[in-house]
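Please keep the sequence and the 3D view at hand while reading.

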Amino acid sequence: MKKYLINDDDVITVGQNLYRIDPENSAECKEFPFLRCEKASKNYNHRLIQDGADGEILSGGNDKNATPIMQGDIIASNLDDDLAFILISDHSMKPKEH
């Protein structure tokens, strides 16, 4: 399982949803209070299906420099190890504590 480290200005796409790390905002994603969720303005579903990925990390919000992410990948903040989740299909969940 790979761990992708992302910065606060990076965006994660899962289908048509964009997720951005925002530790202060818990209104949008109650199960993940460190993520802010927005609807994508582009059709990312089509591209993700073409690329065989379930989601992407857009570096600095730039979709020309994207890292594909697959089911089971752990996505974590570069600045705070506690801000992490596992991508499961088009959903995300917190990793189990060891």
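Lys42 and Asp63 form a salt bridge, with their closest N and O atoms 2.7 Å apart. Lys42 sits in the loop between strand 4 (35–39) and helix 1 (44–51), and Asp63 in the loop between strand 5 and strand 6, so the pair ties together parts that are 21 residues apart in sequence. The model is a predicted one.

**Salt bridges**

How many salt bridges does the structure hold? The count is 3. Side chains of opposite charge can pair when their charged atoms come close. The table lists the pairs.

| Pair | Closest N to O distance |
|---|---|
| Lys42 and Asp63 | 2.7 Å |
| Arg36 and Glu38 | 3.2 Å |

Lys42 has a relative accessible area of 46% and is partly exposed. Asp63 is at 16%. That value counts as buried because the cut-off is under 20%. In the remaining pair, Arg36 has a relative accessible area of 25% and is partly exposed. Glu38, at 33%, is partly exposed too.

In what order do the strands of the open sheet run? The order is 4-3-2-5-6, over 5 strands, with antiparallel pairing. Strand 4 and strand 6 each have a single partner strand and stand at the edges, so one side of each is left without a neighbour in the sheet. On average, neighbouring strands here are turned by 25° against each other, direction ignored.

Strand 5 (residues 55–58) pairs with strand 2 (residues 11–14) in the antiparallel sense, over 4 bridges. Within this pairing, Val14 stands opposite Gly55. Strand 5 also pairs with strand 6 (residues 66–69), again antiparallel and over 4 bridges. There, Ile57 stands opposite Thr67.

Which way do the residues of strand 5 point? Gly55 and Ile57 point one way, Glu56 and Leu58 the other, and all are buried. In a regular strand the side chains alternate between the two faces of the sheet.

**Helix 1 against the strands**

Which strands does helix 1 lie across? They are strand 2, strand 3 (17–21), strand 5 and strand 6. Helix 1 runs at about 110° to strand 5.

Rolling a probe the size of a water molecule over the atoms shows where empty space is left. A search of the whole structure finds 1 cavity of 30 Å³ or more. The volume of the largest cavity is about 30 Å³. Which residues line the largest cavity? The lining includes Ile6, Ile12, Ile21, Phe34 and Leu35. It also takes in Ile75, Ala76, Ser77, Leu83, Ala84 and Phe85. Strand 7 (74–77) and strand 8 (84–88) are the elements that give two or more residues to this lining. Strand 7 provides the largest share, 3 residues.

Notes:
Residues numbered from 1 in each chain as written. Predicted model: local features only at pLDDT ≥ 70, side-chain atom pairs only at ≥ 80, totals over all residues. Heavy atoms only, no water. Buried < 20%, exposed > 50% of the residue type's maximum accessible area, 1.4 Å probe, protein only. Pairing = 2+ DSSP bridges. Salt bridge = Lys/Arg side-chain N within 4 Å of Asp/Glu carboxyl O. Axes fitted to C-alpha atoms, helices over the stretch in contact; angles between N-to-C directions. Contact = heavy atoms within 4.5 Å. 1 Å grid on protein atoms, 1.4 Å probe; cavity = no way out; pocket = protein on both sides within 12 Å on 5 of 7 lines; lining within 4 Å. Points joined across faces, edges and corners; volume = space filled by probe spheres on them.
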